[in-house]
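Student: I would like to learn how to read a model of this kind. Can we go feature by feature?

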Amino acid sequence: MTAPRTLLEKLWTAHEILRRDDGTSLLFVDRHLVHEGSHHAFAKLKERGLQVAAPELTFGVVDHYAPTRAGAVAPDIRRMIKTLGENAEAHGLKLFDLRDPGQGIVHVIGPEQGLTLPGLLINCGDSHTSTHGAFGALAFGVGATEVAHILATQTIWQKRPKSMRITVEGALGPGVTAKDLALHWIAELGADGARGHAIEYAGPVVRALSMEGRLTLCNLSIEGGARLGLVAPDEVTVAYIKGRPFAPKGADWEAALADWQELHSDAEADFDREIRLDGSAIAPTVTWGTSPEDALPITAQVPDPARLDGSRRETVQAALDYMALSPGMALDQVAVDQVFIGSCTNGRIEDLRLAAKVLDGRKAKVPGLVSPGSAQVKKQAEAEGLAQIFTAAGLEWANAGCSMCVGMNGDRVEAGKRCASSTNRNFKGRQGRGARTHLMSPAMVAAAAVSGHLADVRPLLEGRV
Amino acid sequence: MRGWTTLTGKAVALAQANVDTDQLIPARFMSAPRSEGYGTFLLHDARQDDPEHVLNRFTGAEVLVTRRNFGSGSSREAAVYALVDFGIRAVFAPSFGDIFAGNAVNNGLLPARVSEDEIEALIGQIGAGEVSATIDLAAGRAVIAGTELSLDLDPVWQQKLVNGWDDIDLTAQHGKQIDAFRATRNAAHPWVVPATKDGAAS
């Protein structure tokens, strides 16, 4: 009998070409996703006169710099998109450009197109590549040097991360989502709490999540410092994949289903760390500071640095200064200037549906932007009447892209403005220089929109879910 | 990338936790080609708002001492380019973002992990000034402001920093093994290859 293994070990072994004496493995990469930001890596390749080793496994996407609204496009943005197009053409890569009906954020369209599958190793020069782990894929973000290495060799050198399991018992309450769960654990363990680890999410709460919810959860693994996130595939996963454009068909589909049966941690498998959480105790959660670990239930108050010690006091004080918040202030009284719904974290159809439930028949008290995660999500949201709900509420309905999450495509939060945002990072300057970001679920963003301040979404959803 | 073994230079302290890569280089600068140099982008917004910022006062600093979770967030290697082009060769902190640390080593920048207590003591000693620092990579030791520190450095990273290895050359030696692995994997698990080249229904 073989020793019980974790899902991480199984995935690692399946991709390990060789292991050096120092413990570093050379892994085979099944899917490599590139975007406009990959220009440094293509330049490195050109310098060495190399071609892409496996163009059929390499896919390009315009997302980070994608303009989402009509109007003039800045020359540097236009140049970034053009450069990706030229690189894709030079190396014979399939490119989801702005005109492609499959265009969208790389971590939304990978699953949507059936490129993301259980058991694959997926790399992308983007930290939120952890998202794809929701399918039971080994998926992690890398920097430009590693992107160049993958382009040139279709492999990557890595040491296996330690394993950590987060088991979530109970059930999430109405209006409480995967986003709240993620912010909750990151606040508990810290933004570097899972450093050096691969997290496997398990337990009844995770099993009950849709693929969209699992994608949100795995997406935010990186915000807790984890190298990657994983959810073992099940019937929810299989139902999502079936019939997607790049998904296996016919006999390959049957073979895939058989292989995916093995993709779970064995009952007696040992994890380096085990964390247990009670999902029933999690409230809608918002951030108040400048790190995703600065998160609290919406029913809480802004923390008081005077009650903290040492360097933590300085850190919290600096965050409150940047965010222009006072200690002890009730979080649900923090007035916002604008809202944003979208991003690789929360730009999927289910996110838009729940936000629309809150907004239906109501008016936003502040301006806001909704950018669907992909052109497909946009089309579906329009067909379902969600887009009309957003615009009737007074929010702007835009095209797909990274949009206001990343502050590099023209969608920005102005200095000093406070934004309730369904994104992943409340870092200083992330949404624009001097922007003040509060992270929360799309439903909570909708609640902030109709209230004009951070607000508990639960009463607003009564009778609607 | 060229390797290095020892460094003698100046260290400054950045008394902040969670210095993420969006702070290290705001996204709006990342479309620039590397050949233009990324040093002026380093901590751009913080430095522009504060003429007394430690990196405005000590532009020759080569070692940065800072708090936990340095380089967290985005995988942008541009954050490392900004540090390296500014002249920083080593960062000392209790913890680093995993992707950042890998990127750092790939560009000859040492991410040196030392304990929180040691960092707090150093930050107290350095204050808003500049102190002497020496690093001996081979021996795994450093001295900052007279305080001796041992570097908790992965031996692979240590070798890489010392030798300035380029992974692409290293991997090329394994070309046959890679091809064989792929052929075996594709034969045993044909579904791992995308169903169609362009996603059109087949």
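Student: How many helices and strands does chain B have?

Tutor: Helices (H or I, at least four residues) and strands (E, at least two) are DSSP runs, numbered from the N terminus. Chain B has nine helices and seven strands. This is a predicted model: local features need pLDDT of at least 70, side-chain atom pairs count only at pLDDT 80 or more, and totals for chains, interfaces and linings use all residues. Residues are numbered from 1 along each chain as its sequence is written, while chains are lettered from A and ligands numbered from 1 in the order in which they are written.

Student: What share of chain B is buried?

Tutor: Count neighbours. A residue is buried if 20 or more other C-beta atoms, placed from the backbone, lie within 10 Å of its own, exposed if 12 or fewer, and partly exposed in between. Of the 202 residues in chain B, 44% are buried. Along the principal axes, the C-alpha atoms of chain B fill a box of roughly 65 × 40 × 30 Å.

Student: Which domains make up chain A?

Tutor: Domain bounds come from an automatic or database domain assignment. Chain A splits into domain 1 (7-274) and domain 2 (287-461). Their centres, taken over C-alpha atoms, are 24 Å apart. In chain A, 37 residues of domain 1 touch 39 of domain 2. On the domain 1 side, α6(A) supplies the largest share, five residues.

Student: At what angle do α13 and α16 of chain A cross?

Tutor: The axes of α13 (residues 349-359) and α16 (residues 442-451) of chain A come within 8 Å and cross at roughly 25°. So α13(A) is roughly parallel to α16(A). Angles under 35 degrees count as roughly parallel, over 145 as roughly antiparallel, 65 to 115 as roughly perpendicular and the rest as oblique.

Student: Which residues meet there?

Tutor: Among them are A:Leu352 and A:Val358 in α13(A), and A:Val445 and A:Val450 in α16(A). The contact has twelve nonpolar, no polar and one charged residue.

How values were computed. Contact = placed C-beta atoms within 7 Å. Axes fitted to C-alpha atoms, helices over the stretch in contact; angles between N-to-C directions. Nonpolar A, V, L, I, M, F, W, Y, C, P; charged D, E, K, R; others polar.
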